[in-house]
Amino acid sequence: MEFFIDTASIEEIRAAQSWGILDGVTTNPTHVAKEGREHKDLIQEICSICPGPVSVEPTVADAQGMIREGEEFATWAPNVVVKVPITPEGVRALRALRAKGIRCNVTLVFSLAQALIAAKAGGTYVSPFVGRLDDAGADGMELVRDICDAYRHYGFETKVLAASLRHPVHVIQSALVGCHVATMPFRVMEQLFNHPMTDIGLEKFLADARRLKSELEIRRAARG
Ligand code: E4P
């Protein structure tokens, strides 16, 4: 399963990239607004740090506007993927962008019906929003499982990108249902490292290494 980071923070993207486990980035207008920078400069810097796919979301909702912005985004860097919402306008934009060889990530997906449209229309990625479904009292991961199952039946090439992930269990569940990609906040990626037994084990090994070093020093000193 590929790991994408869901942020527009250069600091977070650099840190994740330094671990060697970063396969791509997803941004959205909320992330971009937090950075307070020109959209193009920010995306170009992100694309230069992470060579994998970087999803960029248009700032308008009509097909013509999304096509215009999407075509422009695609000139910013070769690894740009354009996000389109799963609306009739979004799918029109997807068809036009795809015809020009521009990859699209179909976003704001909350049902299997929407995910089927995304695949039939030729989305490169489909993004079910797990955490937001959980927030609404539904089971977000069940949707991801259903999309993976249905796509397998028909051999759709659209990659399932679990989005709106809130904690490490969401990432683990995504892997278990055979999701292609999980996009997560930096905090969740950091949490994936954590296990209390790792901390306890490391502390014990380091303490033993320190103890041996000091014993050897004492012995050397005693020998003169
Ligand atoms: C995905 O592309 C979205 O940017 C993101 O996962 C939304 O997550 P949120 O529900 O935590 O805002």
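In the predicted model, an N or O atom in the side chain of D6 lies 2.8 Å from an oxygen atom of the ligand. This is a polar contact, a pair of N or O atoms within 3.5 Å. A polar side-chain atom of K83 is 2.7 Å from an oxygen atom of the ligand. For R132, a side-chain N or O atom is 2.7 Å from a ligand oxygen. The protein buries 87% of the 350 Å² that the ligand exposes when taken alone (Shrake-Rupley method, 1.4 Å probe).

The ligand is surrounded by D6, T26, N28, H31, K83, F129, R132, A163, S164 and R166 (a heavy atom within 4 Å). By class, this shell holds 2 nonpolar, 4 polar and 4 charged residues. Asp, Glu, Lys and Arg count as charged.

The ligand sits in the largest pocket. A pocket is an open set of points on a 1 Å grid over the protein atoms alone, where a 1.4 Å probe fits, with protein on both sides within 12 Å along at least five of seven lines. To sit there, more than half of a molecule's atoms must lie within 2 Å of the grid points.

T75 belongs to helix α4, residues 63–76 (a DSSP run of H or I, at least four residues). T75 counts as exposed because its relative accessibility is 61%, and exposed means over 50%. A polar side-chain atom of T75 lies 2.6 Å from the backbone oxygen of E72. T75 and D23 are 52 residues apart in sequence and 21 Å apart in space, C-alpha to C-alpha.

Residues are numbered from 1 along each chain as its sequence is written, and side-chain values use heavy atoms, without hydrogens or water. Local features need pLDDT of at least 70 and side-chain atom pairs pLDDT 80 or more, while totals for chains, interfaces and linings use all residues.

Terms used:
A polar contact is a pair of N or O atoms within 3.5 Å; within protein, one must be able to donate a hydrogen and the other to accept it, and residues adjacent in sequence count only if both atoms are side-chain atoms. On a 1 Å grid over the protein atoms alone, a cavity is a set of points where a 1.4 Å probe fits but cannot get out, and a pocket is an open set with protein on both sides within 12 Å along at least five of seven lines; lining residues have an atom within 4 Å of a point. Helices (H or I, at least four residues) and strands (E, at least two) are DSSP runs, numbered from the N terminus. Buried means under 20% relative accessible area, exposed over 50%, partly exposed in between (1.4 Å probe, protein chains only).
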